Amino acid sequence: MTDTLCPYAAVLFDLDGTLADSYAAIASSVNHVRAERGMPALSIDEVKRHVGRGPEYLLTHTAPDGRLADDLAVYRAHHPSVMLSMTRLLPGAALLLAALHRLGKKIGLCSNKPRAFSQQLLQHFEVSAYFDVVLGPEDVPLPKPAPDMLLRAIQRLGLPSEQTLYVGDMTVDIQTARSAGVHVWAVATGSEDRRALEDAKPDRLLADLQEMVAQIGRM
């Protein structure tokens, strides 16, 4: 597998833990759901390990034994009140997106976060113009780790899978990329530790996005 960005015509990204640190905002909304049900608050770290597999998984594991549809509605009504103020781009993210855009790479987002939330965050951080496609779980039959989202993005971009790179922070991202037949790099900035990512065998494991920025500077 290649260790350079040169062969790729498109770079697709996960959001939470990859481009952005959104864990405080997610924990706030989870704890709002828990408070509505008379449950004590969880720490950010307790919530963080359940992020990345979609809102249904998140709430099933952080607010168990409830009515999932009702909990999802409460979560989604609350989240816009904290999402922008409590989320930050990770170091190197804005520079990386700008550099990829200058190189003529197609850029996409494939996240299990609801698409409307992802779009609002990209606009808030003034990076939305770099993205050629933004997809969420509502756009495909199955969320990650199913390959549906990546395959839909590749189809929309009109590029072959072998020219596509996916960048994520979790083993679920690595599984998704393998199922879709695309190359995958992992960054150790999200929900899982470096050893778990190493065991999942991405094509490349980075400490953070700033390593990608530095590589572009050497091209």
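Started with Arg53, which forms a salt bridge with Glu192; the closest N and O atoms are 3.5 Å apart. I count a salt bridge when a side-chain nitrogen of Lys or Arg is within 4 Å of a carboxyl oxygen of Asp or Glu. Arg53 lies in the loop between helix H2 (44–48) and helix H3 (55–62), and Glu192 in the loop between strand S7 (183–187) and helix H10 (194–200), so this pair ties together parts that are 139 residues apart in sequence. Helices (H or I, at least four residues) and strands (E, at least two) are DSSP runs, numbered from the N terminus.

Ground rules, before I forget: this is a predicted model, where local features need pLDDT of at least 70 and side-chain atom pairs count only at pLDDT 80 or more, while totals for chains, interfaces and linings use all residues. Residues are numbered from 1 along each chain as its sequence is written, and side-chain values use heavy atoms, with hydrogens and water left out.

Next I checked accessibility for that pair. Arg53 is partly exposed at 25% relative accessible area, whereas Glu192 is buried at 19%. My cut-offs: buried is under 20% relative accessible area, exposed is over 50%, and partly exposed is in between (1.4 Å probe, protein chains only).

How many salt bridges does the structure hold? I get 9. One of them joins the side chains of Asp14 and Lys144, at 2.9 Å from N to O. This pair links distant parts of the chain, 130 residues apart: Asp14 is in the loop between strand S1 (10–13) and strand S2 (20–21), and Lys144 in the loop between strand S5 (133–135) and helix H8 (148–157). Asp14 is buried at 5% relative accessibility, and Lys144 is buried too, at 2%. I also noted a network of salt bridges that links Asp14, Lys144 and Asp173.

Then Lys113 and Asp16: another salt bridge, with the closest N and O atoms 3.1 Å apart. Lys113 lies in the loop between strand S4 (106–110) and helix H7 (115–124), and Asp16 in the loop between S1 and S2, so the pair ties together parts 97 residues apart in sequence. Lys113 is buried at 6%, and Asp16 counts as buried at 10%.

His78 is buried, at 15% relative accessible area. Leaving aside neighbours within four places in sequence, His78 is in contact (heavy atoms within 4.5 Å) with Ser28, Ser29 and His32.
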